[in-house]
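This briefing concerns a pocket and a helix packing in one protein model. Please consider the sequence and structure shown here.

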Amino acid sequence: MSGTVDFQLTDDQRALKAGMRELLERRFPRSRLRAAVDGEAERGAEVDRELWRELGAAGLFALRVPESAGGVGLGLPEVVLAFEEAGRALLPGPLAATELTAHLSAAGWLAGGGPAAGRWVAEGSAAGALVAGAVRGEAVVTALDQGGALVEHLASADAVLALGATAVEVIPAGAVARSAESIRSVDPATPLHRTAPYRTAPHGAAPHGAAPQREAPQRGAPHGTAPTRVAPHRTAVAGAGASGTGASGAATTGVAASGPADRLRREAALLTAAQQLGSASRTVELAVEHAKRRTQFGRPIGAFQAVQHLCAGMLVRAESARSVVYAAAVTEEPGDIAAAKLLADEAAVRNARDCLQVHGGMGFTWEADVHLHLKRAWVRAGQWQCAAEAEEELAAGLLSTVGACL
């Protein structure tokens, strides 16, 4: 095969990134971030609804929605670029879950769901309102993965995108909140709740008026009680394909996983990786700015080789992650997404640590923003596809390739 592939951003993509950065610098400056984490804002860590609506009006959640349905009509690479800027600004909120829910309105996207699934979204009173609200930024949607994973921003959410082994459902947030337990989050801007495992209804189940199926409570469930049954208006969005479940109860990864729930998990992992990339790039900037400004022995500390090596290593990690994240947004291959999440998580966490070292003693203080990047990176690294799961995905791909060659 001759020729090369050009992964340079187009003029429109660069304009999208610049516009997103300008919007966030204007509506979510450092002062707003500090107010959220310092407790100065009355609403604390709750999602800023006004900002959320402005993001919706700017088209953040409608980037992949067809123009015929009132969206922007772009693709996953453009969403990745926008989410990279959100990660750079440490924008809080369940961005990935809201974008994925908005994207459910795209006709024909749900693999194996068929026309019936599309009608459930369009005609179901709860589904139609939630999806339309997510597109416009009027609804905040968080996600609940099968197996009892932590749920972010549950108290601020209007709905929950529940992912089972094969099925996907949109359910009212209040129903999940009744059986959820608030836990202390390392990131002050990302409140977390622990829930009992959730099992989506089988494909073909009535989407309206039936209570969802719930697993027996895990050890450590709040007060030892079974989860509350969700009232009517639980809306099944899709369900197709087949995949196994891992030890955590979530659908297993691997090249054979191809149902709608698996695809949503992969896309959520990629969007999370994009936010990690934005944070990793921002900590490079913070470290270099401080190294230029801070003086020691009459010279900027950036003149010292040890500091230069730290900054150079940070840049290499960020740019390596960038190339893989951008490539995964184009290919959408499970292995590429796993590699993107793995490298982006490492870049975000290690860059924040090295940035803290460049800042020296002041880097450990609450007033510096470095710890916010580190804490957010820790939280994101445990979301959707942790390092062990990404490594298993890559290993499965390698074994499949070897098997095909034998």
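The model is predicted: local features need pLDDT of at least 70, side-chain atom pairs count only at pLDDT 80 or more, and totals for chains, interfaces and linings use all residues. Residues are numbered from 1 along each chain as its sequence is written, and side-chain values use heavy atoms, with hydrogens and water left out.

**Second largest pocket**

- The second largest pocket holds about 290 Å³ of space.
- Two or more lining residues come from each of helix 1 (11-27), helix 2 (30-38), helix 4 (76-88) and helix 9 (260-293), where helices are DSSP runs (H or I, at least four residues) numbered from the N terminus.
- Helix 1 supplies the largest share of the lining, three residues.
- By class, the lining of the second largest pocket has seven nonpolar, one polar and seven charged residues.

**Packing of helix 4 and helix 5**

- Val-79, Phe-83 and Ala-86 of helix 4 make the contact with Leu-95, Ala-96 and Glu-99 of helix 5 (heavy atoms within 4.5 Å).
- The residues of this contact of helix 4 with helix 5 comprise five nonpolar, no polar and one charged.

Key:
1 Å grid on protein atoms, 1.4 Å probe; cavity = no way out; pocket = protein on both sides within 12 Å on 5 of 7 lines; lining within 4 Å. Points joined across faces, edges and corners; volume = space filled by probe spheres on them. Nonpolar A, V, L, I, M, F, W, Y, C, P; charged D, E, K, R; others polar.
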